[in-house]
Structure formats: C-alpha cells, structure tokens
Amino acid sequence: MAELLRSLQDSQLVARFQRRCGLFPAPDEGPRENGADPTERAARVPGVEHLPAANGKGGEAPANGLRRAAAPEAYVQKYVVKNYFYYYLFQFSAALGQEVFYITFLPFTHWNIDPYLSRRLIIIWLVMYIGQVAKDVLKWPRPSSPPVVKLEKRLIAEYGMPSTHAMAATAIAFTLLISTMDRYQYPFVLGLVMAVVFSTLVCLSRLYTGMHTVLDVLGGVLITALLIVLTYPAWTFIDCLDSASPLFPVCVIVVPFFLCYNYPVSDYYSPTRADTTTILAAGAGVTIGFWINHFFQLVSKPAESLPVIQNIPPLTTYMLVLGLTKFAVGIVLILLVRQLVQNLSLQVLYSWFKVVTRNKEARRRLEIEVPYKFVTYTSVGICATTFVPMLHRFLGLP
C-alpha cells in the first residue's frame, strides 16, 4: 500500500500524462521576449523569498504569524504544445473548477433554475473549507518542476493535498445529481454520465496543468464522496434551519468568522486563507439571505423544500433571453455591492490599524484580510439571494 501511495504521489506520473497529451517542456534556449515561437507559451514560475514572521499590529510587516512571501519571477519555464485539443480542453476544464465559475454558476442557479437546488449546493459547497484547511495541515508539496510543466502561477504557493478543484467539481456535480433525482423527470443514466464527465474533466485538468499529483486528485474525490455520504441525511434538516430561530443569523456569522480568523497558520503566505474566507463568507451571506427571505416573507415559498416531481421545461428563445437578462442584472448589482463594500471595509481597517492606503501587502495581514473579505463576500451572498430577486421583481423579470 505504501508503495502504491508513493507511486501515485510521484511527479513523474504527472509528467508522463502531460507528455501523452502533447505538453512538453521547451528546450532550454534562454529567454526570448520577442519573436518567440507561437507554439511556446511562457509559464512564469515565481521564486519565493521568505521573510520571518512579524508580531504586533499596525506595523509595516505582516502580523499574527503571517510570513510575507515576495514572488519575483525567478525563471521562465517554457513549454511546447503539440496537441491543442487537449490544451484548450483542459484549460477550459480547469476554469470549471475555479471560484470564478462557481461564484457565477450558483447565483445563476438561484435566479433562473431553482432556489431549492442552490440551497443544496451551498450546503455541500462548504466542504471546501475542509479541503483548504487540509492543505495547510498536511503540507504536502505540489508536483516538482521539472519534470512537471506548471501552467498556473497563482496557486503555486499553496500545498497540494487534497485537490480542492477535484473536491468542488465532485461536490457540485453529484449534489446536483442527487438533488434533482426526486425533483425532476429525466433519465438518471444521462445525469450520472454528465456528473462523471464533468468531475473527471476537472480532475484530469489538474494533472495536465501540473498543479496536482494523482494522489492529490484521488484524495479530493474520496474526501468529497465521504462527506456527501455523511451529510446527505441532514440536508433537509439543514435546509429548514433558515426558519429555526431569530438568532440563526448570529450563529451563521460568528462560527464562519471564527473559523476564518483561526485558520491554521502557514509557514509562508499562500492564498488558501483568503480563498477559504471567501468561500465561508459567501456561504454565510447566502444562508442569511435565505433566512431574511423567509423571516420577512419577501418571497413566496412554496413547498420547494420538499421534493416535487416536475418536468424540465424546454429551453426556448424567450427563456434564454430572460435568463441572460436576469443574470446580467444580478451580476452588475453584485459587482457594485462587492466593490463598494470592499472599498469601505478596507478604508475602515486601514484607518483603524494605521496602515498606508492602497498598501497591497497590508491586505495579507490577518486582521485586515479576514475581516474585509468576510464582510465583502457576506454582503455579496445577501445581495445575491435577497436584493437581486427584489430588483428582478421591480423590473418585471419573472
């Protein structure tokens, strides 16, 4: 078993998969800023300079155990693409596992498809916290390069195990499958195939982009499968908690904020804490939005909390235009709220901790990063579930 795990963690296995898909490291010919071969794509890999931790608040250096990591471009890793079908397929598949996709997909589901499904997706979406924390607890490195070619820069500073892309894709795909089986009439085999294809493409994209080993991906899938099995019996109960008590929003705010502020301290700065705060804050905001809708009776709530078998309506031009219009209106409002709340929260925090305005390094400090992201994305979640539907009704968009 130990030998099998070591083989699945081997970077050579990832490198062989990349070569089979037509992705090769370019010959070392030195940097070519101009006139580069069009088949070569430069992947700048940051060399990380680690500085000691600083203590105290209000200083120029990060605080509370947060180490600052400067990321100069130490060298340029070039690669040659010999199969553009796999290149674009896996680049697109990788995008399906990123936060940007889910931040747009989940509101679209709520506004245009079924709020029942969006609530179920939010419940399982919070398993991402477990994946993010596991990375900084286990501290397993990403595949070594060379031999692996790495196509992404932002996530290089993170640890590898488990793959949160694999976790998100598996959680969303199979939660949709489970939640729609008893609610809509459609061939189960078709839904199962779509869920498997979606999650498989995202998982393979993590190998192709060189960001995870096979063991990282399998670990993400297995952890998510276990969490789905363990939490599924409580989905209906959790879905009904929005009407449990007037104090429910307090718990939804306090518990996630506590988890974010007490996130495991990493040896060096990485985006995991910021991403985790975004995930939990958005989930908290959406949950509070559902509670507001129910408590103040802002929307009529039919028996959508209980499965009701219904046919999937045909996709007509009118429905497509209506859905895109509602989505555009909602996204514009969300972006406005996000920008406004983010600027205000940063101004308040900068003033409180006496930090120079527009100091990007200061955003990484624990006492600034967590509060401003938590307030911002909690506001985004509330806006998406409460104010956007109100705006839709005001504009006459059913």
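Helices (H or I, at least four residues) and strands (E, at least two) are taken here as DSSP runs, numbered from the N terminus. The structure is a predicted model, in which local features need pLDDT of at least 70, side-chain atom pairs count only at pLDDT 80 or more, and totals for chains, interfaces and linings use all residues. Residues are numbered from 1 along each chain as its sequence is written, and side-chain values use heavy atoms, with hydrogens and water left out.

On a 1 Å grid over the protein atoms alone, a cavity is a set of points where a 1.4 Å probe fits but cannot get out, while a pocket is an open set with protein on both sides within 12 Å along at least five of seven lines; lining residues have an atom within 4 Å of a point. Grid points are joined across faces, edges and corners, and a volume is the space filled by probe spheres set on the points. The structure has 1 cavity of 30 Å³ or more, and the volume of the largest cavity is about 260 Å³. It is lined by 21 residues, of which Ile103, Leu106, Pro107, Ala282 and Val286 are the closest to its centre. At least two lining residues come from each of α4, α5 (115-125), α12 and α14, and α4 gives the largest share, 7 residues. For the make-up of the lining, Ala, Val, Leu, Ile, Met, Phe, Trp, Tyr, Cys and Pro count as nonpolar, Asp, Glu, Lys and Arg as charged, and the others, Gly among them, as polar. On that basis the cavity lining has 15 nonpolar residues, 5 polar and 1 charged.

Next comes the open space. The largest pocket holds about 1,200 Å³. Its lining consists of 32 residues, and those closest to the centre of the pocket are Phe105, Ile113, Leu117, Leu176 and Ile312. Helices α4 (99-113), α7 (164-181), α8 and α13 each supply at least two residues of this lining, which divides into 25 nonpolar, 6 polar and 1 charged.

Leaving out residues up to four places away in sequence, isoleucine 113 touches Phe108 and Tyr184, where contact means heavy atoms within 4.5 Å.

The nonpolar cores come next. A nonpolar core is a set of buried Ala, Val, Leu, Ile, Met, Phe, Trp, Tyr and Cys residues joined through side-chain atoms within 4.5 Å. In the largest one, of 26 residues, Trp111 and Ile334 touch the most other members. Each of α6 (128-138), α11 (248-261), α12 (272-295), α13 (317-352) and α14 (366-394) supplies at least two residues of this core, and the largest share, 9 residues, comes from α14. Not counting residues up to four places away in sequence, isoleucine 334 touches Trp111, Val380, Cys383, Ala384 and Val388. Another core, of 20 residues, lies apart from this one and includes Leu96, Met128, Ile279 and Val286.

Charged side chains also pair up. A salt bridge is a side-chain nitrogen of Lys or Arg within 4 Å of a carboxyl oxygen of Asp or Glu, and by this rule there are 3 salt bridges. In one of them, the closest N and O atoms of arginine 183 and aspartate 114 are 2.6 Å apart. Arginine 183 sits in the loop between α7 and β6 (184-185) and aspartate 114 in the loop between α4 and α5, so the pair links distant parts of the chain, 69 residues apart. Both arginine 183 and aspartate 114 are buried. Glutamate 369 and arginine 273 form a salt bridge at 2.8 Å, N to O. Because glutamate 369 lies in helix α14 and arginine 273 in helix α12, the pair ties together parts that are 96 residues apart in sequence. Glutamate 369 and arginine 273 are both buried.

Notes
Buried means under 20% relative accessible area, exposed over 50%, partly exposed in between (1.4 Å probe, protein chains only).
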